[in-house]
Amino acid sequence: MQYVPGDDNHKVVLYALSTCGWCARTKQLLTDLGVGFSYVYVDLLRGDDQGIVVREVERWNPRLSFPTIVIDDSKAIVGFREEEIRKAVGA
Amino acid sequence: MVSDKDVDRLVQDLAREAEAGGYHLNPDREFTRGLVRGLLANRERYGYISCPCRLASGNREDDLDIICPCDYRDLDLADYGACYCGLYVTADVEAGVRTPEPVPDRRPSPVERRKKKEENVTVARAPGDLKYPVWRCRVCGYLCARNEPPETCPICRVSRDRFERFV
Ligand code: SF4
């Protein structure tokens with residue numbers, strides 16, 4: 001997990017793929033909003049490490065699609081849904 | 001590492017093939033280049049251009065449905081005006097008269113895929129009394145009646161292993 005520093009009102013975790021255009025837009029949006037968040041590129045993980053994170057994502061989003069954004073360990077947003085993301089992080 | 005030149009070349013090839021087949025690449029050049037860079041990164045990693053916006057397993061057989069163009073492209077173009085990644089768009093989106101909608105992933109979940117794989121093994125093919133089997137391209141729906149599917153789909157250019165027996 002990498003951390004992008006910023007406003008920490010919410011705990012925001014972004015599960016992404018390094019090759020995906022919508023994941024890049026989501027990461028850019030969170031950065032532009034000044035939100036502190038952690039992110040991980042699931043495609044760059046290998047073997048067991050990837051398996052562990054994949055199961056984590058599947059808990060929130062059984063389709064295992066990206067980006068999956070988990071807010072405050074309680075709510076997941078699937079896909080680059082700009083309005084929903086803005087609302088959830090209170091920006 | 002994927003070079004800018006490789007990206008340019010593949011963008012050009014894809015654009016030419018797309019237009020020849022009645023498909024269109026996303027006119028947002030930077031976005032499209034990013035996705036094509038992803039396709040090339042996947043070719044380096046896995047040996048085939050699997051979808052940049054989906055997690056590949058690295059096993060070609062399990063990833064066949066998401067090798068670009070994926071089995072879901074044409075359905076998503078029809079319903080949303082763009083493929084899941086946004087690499088391909090419809091003519092009206094390309095022309096800027098329609099905004100594409102966000103595309104939910106219609107690929108079955110890992111659990112559903114495992115189930116389907118098991119079913120495919122157990123279900124025997126119904127015998128037809130046709131002179132030739134009919135093959136269907138999973139990507140574009142092209143049908144042909146011959147002993148084997150063609151090496152390359154003449155419509156959308158995908159490889160033989162993307163065909164399924166239809167009748
Ligand atoms: S056609 Fe399918 S595989 Fe190719 S970029 Fe679009 S969604 Fe991804």
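Reader: In this predicted model, which side chain meets that of Asp71(B) in a salt bridge?

Author: A salt bridge requires a side-chain nitrogen of Lys or Arg within 4 Å of a carboxyl oxygen of Asp or Glu. In the predicted model, the N to O distance for the pair is 3.0 Å. The partner of Asp71(B) is Arg162(B).

Reader: Where do the bounds of the two domains of chain B lie?

Author: Chain B is divided into two domains. Over C-alpha atoms, their centres are 23 Å apart. Domain 1 covers 4-111 and domain 2 covers 120-167.

Reader: How many salt bridges are counted between domain 1 of chain B and domain 2 of chain B?

Author: Polar contacts between the two domains of chain B comprise 6 residue pairs, both residues being at pLDDT 80 or more. The count of salt bridges between these domains is 2.

Reader: Which three residues supply 49% of the area that domain 1 of chain B buries against domain 2 of chain B?

Author: The two domains of chain B bury about 800 Å² between them, with 45% of it on carbon and sulfur atoms. On the domain 1 side, three residues supply more than any other three. They are Leu64(B), Pro69(B) and Asp71(B).

Reader: How many charged residues belong to the side of domain 1 of chain B that touches domain 2 of chain B?

Author: The contact takes 12 residues from domain 1 of chain B and 10 residues from domain 2 of chain B. On the domain 1 side, α1 (4-21) and α4 (73-80) of chain B are the elements that give two or more residues. That side includes 5 nonpolar residues and 1 polar residue, and its charged residues number 6.

Definitions and conventions. Residues are numbered from 1 along each chain as its sequence is written. Chains are lettered from A and ligands numbered from 1 in the order in which they are written. This is a predicted model: local features need pLDDT of at least 70, side-chain atom pairs count only at pLDDT 80 or more; totals for chains, interfaces and linings use all residues. Side-chain values use heavy atoms; hydrogens and water are left out. Domain bounds come from an automatic or database domain assignment. Contact means heavy atoms within 4.5 Å. Buried area is the accessible area (1.4 Å probe) that two parts lose on being put together, summed over both. A polar contact is a pair of N or O atoms within 3.5 Å; within protein, one must be able to donate a hydrogen and the other to accept it, and residues adjacent in sequence count only if both atoms are side-chain atoms. Helices (H or I, at least four residues) and strands (E, at least two) are DSSP runs, numbered from the N terminus. Ala, Val, Leu, Ile, Met, Phe, Trp, Tyr, Cys and Pro count as nonpolar, Asp, Glu, Lys and Arg as charged, and the others, Gly among them, as polar.
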